[in-house]
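Below is a short briefing on one fold. It covers the sheet first, then the helices packed around it.

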Amino acid sequence: MLWPFEEAKKIIFKKDKLANNVVFETGYGPSGLPHIGTFAEVARTIFVMKAYNELMPDSNLELIVFSDDMDGLRSLPDNIPNHDLLCQYLGTPLSAIPDPYGTEKSFATHMNNQLQDFLNAYGFKYHFQSSTDAYCHGLFNEGLQRIMDNYDKIRNLFIKTISKEKRDSWSPFFPICDKCGKIYTTRIINVDQKKYKIRYICDMTDGNYNPCGHIGDSSIFDGKCKVGWKIDWALRWYAFKVDYEMHGKDLMDSAVLSKKICNIIYGTPPITYKYELFLDEKGAKISKKIGNGISMEEWLSYAPIGALLHFLLSNPN
C-alpha cells in the first residue's frame with residue numbers, strides 16, 4: 001500500500017473513526033520566494049488528504065497553509081533586490097518591512113501573494129492563514145495565555161536543549177519593540193504572569209540587528225509579541241486543532257519538542273511525517289533565506305509536472 005494510505009490510516013486511528021472534520025497544515029516562511037520544496041510539501045500533504053478521502057469519503061478535510069509572516073527578517077536572500085533598503089530592517093517582522101519589489105504594502109504581502117499565486121496555479125485547495133493576522137486578531141490569545149500560565153514548565157523543558165550561556169536569558173516570548181519595531185533585538189527583564197505582561201529592553205545585537213535601547217512593557221496578546229519558533233509551532237497546533245503536518249528531516253528534533261509543549265498547554269499534538277530535503281549543487285539544503293532554491297519555473301523548463309508528482313509520490317524518505 002502506498003505511504004499516503006498508511007498515513008491516512010494513522011489519522012483515522014487517532015480520530016477514533018468518529019470525527020468528520022480533519023485539519024491538515026503546511027507551514028511556509030515568507031522570507032524569500034517559494035520554491036520546489038514549498039510545492040513538494042503541499043503536494044505530499046494533498047496526497048495524504050486524497051487517500052484519507054478514499055478511506056473516509058464523508059469526512060470534511062481542511063488544509064491550512066500557514067505563513068509565518070510575523071517572523072523577523074534574519075538575513076537578505078541573494079535573489080531579492082534592494083538590499084540597501086532592507087538592511088535597516090533586519091530583525092523586523094516581515095509584515096512590517098517595505099516590499100523590496102515596490103508593488104505591495106510589505107515584504108510579507110509580496111511573498112504571501114507569490115505563494116498563493118503559486119499554489120493556485122497548480123489547483124491546490126487550501127485556507128491561507130497569516131501569522132500576523134492570527135496574532136493581531138486574537139486567534140492565538142487563548143494559547144498565549146496557556147503558555148504564560150505554564151511559563152516555568154515550558155522554560156525548564158526548553159532550556160535543556162540550548163547551550164548553558166543562553167539559558168538565563170531565554171524566554172518563550174519575543175516582544176516587538178514599540179519604539180523601533182524590531183523583534184529580535186528585545187530581551188525579557190521581567191515577567192508578570194498574573195497580568196500577562198512582560199518588561200523588555202531592546203539591546204540584543206545578534207545578527208547586526210541594531211537595537212535602539214528602549215525599555216518597555218508589553219502585553220503578550222493581540223500581536224504585541226510572538227513566541228519563538230518551536231513554541232509557535234505548538235501554538236498553531238493548539239489554536240487550529242491540527243491533526244496532521246509534514247516537515248523536513250531538519251525539523252525532527254523541533255517536532256519532538258513542539259509536541260511536548262503542545263501537551264503542556266493542553267493541546268493534542270498532530271501526527272507528523274518526516275521527509276527528505278532538496279539539496280543544491282553543493283549538497284546544502286535549498287533555502288528561501290539563502291535564495292538557492294529551485295523554482296517551479298526552472299523545473300518545468302526541464303520536465304513536466306507529472307514527472308515531479310511521480311517522484312514525490314514515491315518514498316519521501
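Which strands does helix 9 lie across? Helix 9 (residues 229-240) lies across strand 1 (21-28), strand 2, strand 3, strand 9 (244-248) and strand 10. It runs at about 155° to strand 1. The model is predicted. Its five-stranded open sheet has the order 3-2-1-9-10, with parallel pairing.

**The sheet**

- The strand order is 3-2-1-9-10, and the sheet is open.
- Strand 3 (127-130) and strand 10 (271-275) are the edge strands, each pairing on one side only.
- From one strand to the next, the twist averages 25°.
- Strands of a sheet pair through backbone hydrogen bonds, either parallel or antiparallel.

- Strand 1 and strand 2 pair in the parallel sense over eight bridges.
- T26 has V65 in strand 2 as its bridge partner.
- Strand 2 (residues 60-67) also runs parallel to strand 3, and four bridges join these two.
- V65 has a bridge partner in strand 3 too, namely F128.
- V65 is therefore a bridge partner of T26 and of F128, with strands defined as DSSP runs.
- F66 is bridged to Q129 in strand 3.

**The β-α-β unit**

- What handedness does the unit of strand 1, helix 2 and strand 2 have?
- The β-α-β unit that these three elements make is right-handed.
- Helix 2 spans residues 36-55.

**Helix 2 with helix 12**

- Helix 12 covers residues 305-313.
- The axes of helix 2 and helix 12 come within 10 Å and cross at roughly 65°.
- This crossing of helix 2 and helix 12 is right-handed.
- Helix 2 contributes I36, F39, A40, A43, R44 and F47.
- These meet I305, L308, L309, L312 and L313 of helix 12.
- By class, the contact of helix 2 with helix 12 has ten nonpolar residues, no polar ones and one charged.

**Helix 6 with helix 9**

- Helix 6 (residues 141-149) packs on helix 9 at an angle of about 130°, with the axes 9 Å apart.
- Helix 6 is therefore oblique to helix 9.
- Their crossing is right-handed.
- From helix 6, the contact takes in E142, G143, L144, R146 and I147.
- From helix 9, I231, L235 and Y238 take part.
- Five residues of the contact of helix 6 with helix 9 are nonpolar, one is polar and two are charged.

**Helix 7 with helix 10**

- How are helix 7 and helix 10 oriented to each other, roughly parallel or roughly antiparallel?
- Helix 7 (residues 151-158) and helix 10 (residues 252-264) pack at an angle of about 165°.
- Angles over 145 degrees count as roughly antiparallel, so helix 7 is roughly antiparallel to helix 10.
- The axes of helix 7 and helix 10 are 10 Å apart.
- Helix 7 and helix 10 cross in the right-handed sense.
- K153, I154, L157 and F158 of helix 7 meet L257, K260, I261 and I264 of helix 10.
- The residues of the contact of helix 7 with helix 10 comprise six nonpolar, no polar and two charged.

Note on methods. Residues are numbered from 1 along each chain as its sequence is written. This is a predicted model: local features need pLDDT of at least 70, side-chain atom pairs count only at pLDDT 80 or more; totals for chains, interfaces and linings use all residues. Side-chain values use heavy atoms; hydrogens and water are left out. Two strands pair if DSSP finds at least two bridges between them. Axes are lines fitted to C-alpha atoms, for helices over the stretch in contact, and angles run from 0 to 180 degrees between N-to-C directions. Contact means heavy atoms within 4.5 Å. Angles under 35 degrees count as roughly parallel, over 145 as roughly antiparallel, 65 to 115 as roughly perpendicular and the rest as oblique. A crossing is left-handed if the near helix is turned anticlockwise from the far one by less than a right angle, and right-handed if clockwise. Ala, Val, Leu, Ile, Met, Phe, Trp, Tyr, Cys and Pro count as nonpolar, Asp, Glu, Lys and Arg as charged, and the others, Gly among them, as polar. A crossover is right-handed if, with the strands pointing away from the viewer, the path from the first strand over the helix to the second runs clockwise.
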